[in-house]
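Welcome! Keep the sequence and the 3D view open as you read.

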Amino acid sequence: MKISRRSQTAPFIAMDVLAEAGRAEAAGRHVIHMEVGEPAHGAPMAAREAVARAIRDGAGLGYTSGLGLPRLREAIAGLYAARHGVAVDPARVVVTAGSSAGFVLSFLALFDAGARVAIADPGYPCYRNILQALDVVPVRLAAGPATRFQPTPALLAGAGPLDGLLVASPANPTGTMIDRAEMAALIGFCEGAGASLISDEIYHGITYDAPAVSALELTGEVVVINSFSKYHAMTGWRVGWMVVPEGLLRTVQNLAQNLFICPPHLGQIAALGALSPEGEAEVAGHLAHYRANRAALIPALERMGFRDIAPADGAFYAYARLPEGWGDSREFCAQLLAEHGVAATPGLDFDPERGAGTVRFSFARSTAEIEEGIDRLSRMIADGPRRGMAAARAG
Ligand SMILES: Cc1ncc(COP(=O)(O)O)c(C=O)c1O
């Protein structure tokens, strides 16, 4: 069978590492998961109870409206009033099958084949892979410590003609954030360049110093994407949302109906439970645990000699350059999993040009797991690269 050219995306390496870790676990090994951004706690109790109640009460769980359950759209709109002081018309909220479906919908709604969309490197790999699969050109900006790994108008000005810009704050893999003035400057650039702005706000709520700024605080001409996966710890429930400008709504609605019919009904019921006062109180408590993990991991990486550690203003990742003497992070991560039972993601997932020497550790799991992961990692680093790498090749 002939396979299309545009479908030949790179893999999402973090998921490949997760699968490899799963095989090691099936073979009886104990693995510490620092590869994927998956909160340890799972869905809040109020979400699980809402689902149990719905099933017990005989909910038929048929299709919902393509835009999502009206009550859920209202509750999501309410988040913007509560968190950002912004009034959002619930009609502009589109519930999606995770933020991942939001990317497909927004890219299709905004960009024709051949359009050029700027994203920062390092960045979340699926941005460039989904863009490429839709025949849209990802224009990768070489962001680094000097711009806190974020796009700037200066980087954008050197990128040639652009149809769009996708930003993430807090970002994956670095956790860095875009403050209000920087967001205003990026919005100004997009307005001047006629480029559409997409703001991935999936890590909102998981911030350690200042709260994150929503692009909606500054403009209505933006597509905001968010999800229940991270802050509400509901990765597998596949519920996310978009807030779209009114003029884009019908386009997105038509696409959503045709592509997905509707987001998962059960997931939407769970999301409503998660947004109850009990659900919100439970997930607010997770922040202290991420903060403790961050306080344990980042200084430990510094002690081990990891370099250029990104500041992690938010989210639950540490992105760093390997210590002196350690070469390729794919080999490093393979050895770490094979010999020490710690799964981590090589930087090439996030930065295909410069990521060969970097690695991302997720600290979303329990503090006990993260501490055990730090111990195992320290042992490998203490053994030194040459002996270690040679052993990996022999094995
Ligand atoms: C920055 C970013 N955006 C989007 C996603 C996808 O999340 P969802 O589960 O909502 O599809 C992830 C997942 O790790 C992410 O890190």
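How many residues does helix α1 have, and how far does helix α1 reach from its first C-alpha to its last? Helix α1 (residues 13-26) has 14 residues and reaches 20 Å, close to the 20 Å expected at 1.5 Å a residue. The expected span is 1.5 Å times one less than the number of residues in the helix.

This is a predicted model, in which local features need pLDDT of at least 70, side-chain atom pairs count only at pLDDT 80 or more, and totals for chains, interfaces and linings use all residues. Residues are numbered from 1 along each chain as its sequence is written, and side-chain values use heavy atoms, with hydrogens and water left out. Helices (H or I, at least four residues) and strands (E, at least two) are DSSP runs, numbered from the N terminus.

**Helix α1**

- The buried residues here are Ala14, Val17, Ala21 and Ala24; buried means under 20% relative accessible area, exposed over 50%, and partly exposed in between (1.4 Å probe, protein chains only).
- Seen down the axis of α1, its buried residues fall within an arc of 70 degrees, so they line one face of the helix. The arc is that of the directions from the helix axis to the C-beta atoms.
- Arg23 and Ala26 are exposed on the other side of α1.
- The cover over the buried residues of α1 includes β1 (32-33), α12, β10 (342-343), β11 (345-346) and β12, where contact means heavy atoms within 4.5 Å.

**Helix α11**

- The 19 residues of α11 (residues 286-304) should span 27 Å at 1.5 Å a residue, and this agrees with its end C-alpha atoms, which are 27 Å apart.
- Buried residues of α11 include His286, His289, Tyr290, Asn293, Arg294 and Leu297.
- Gly305 follows α11 and has a positive phi, near 100 degrees.

**Charged pairs**

- Side chains of opposite charge can pair when their charged atoms come close.
- A salt bridge is a side-chain nitrogen of Lys or Arg within 4 Å of a carboxyl oxygen of Asp or Glu, and by this rule the count comes to 12 salt bridges.
- Glu324 and Arg307 form a salt bridge, with their closest N and O atoms 3.4 Å apart. This pair links distant parts of the chain, with Glu324 in the loop between β9 and α12 (329-340) and Arg307 in the loop between α11 and β9, 17 residues apart.
- Glu324 is exposed, at a relative accessible area of 65%, whereas Arg307 is partly exposed at 30%.
- Arg321 meets Asp308 in a salt bridge (3.3 Å, N to O). Here strand β9 holds Arg321, while Asp308 lies in the loop between α11 and β9, 13 residues apart.
- Arg376 pairs with Glu372 in a salt bridge, the closest N and O atoms being 2.8 Å apart. Because they are four residues apart in helix α13, Arg376 and Glu372 are separated by about one helical turn.
- A network of salt bridges links Asp121, Arg140 and Glu353.
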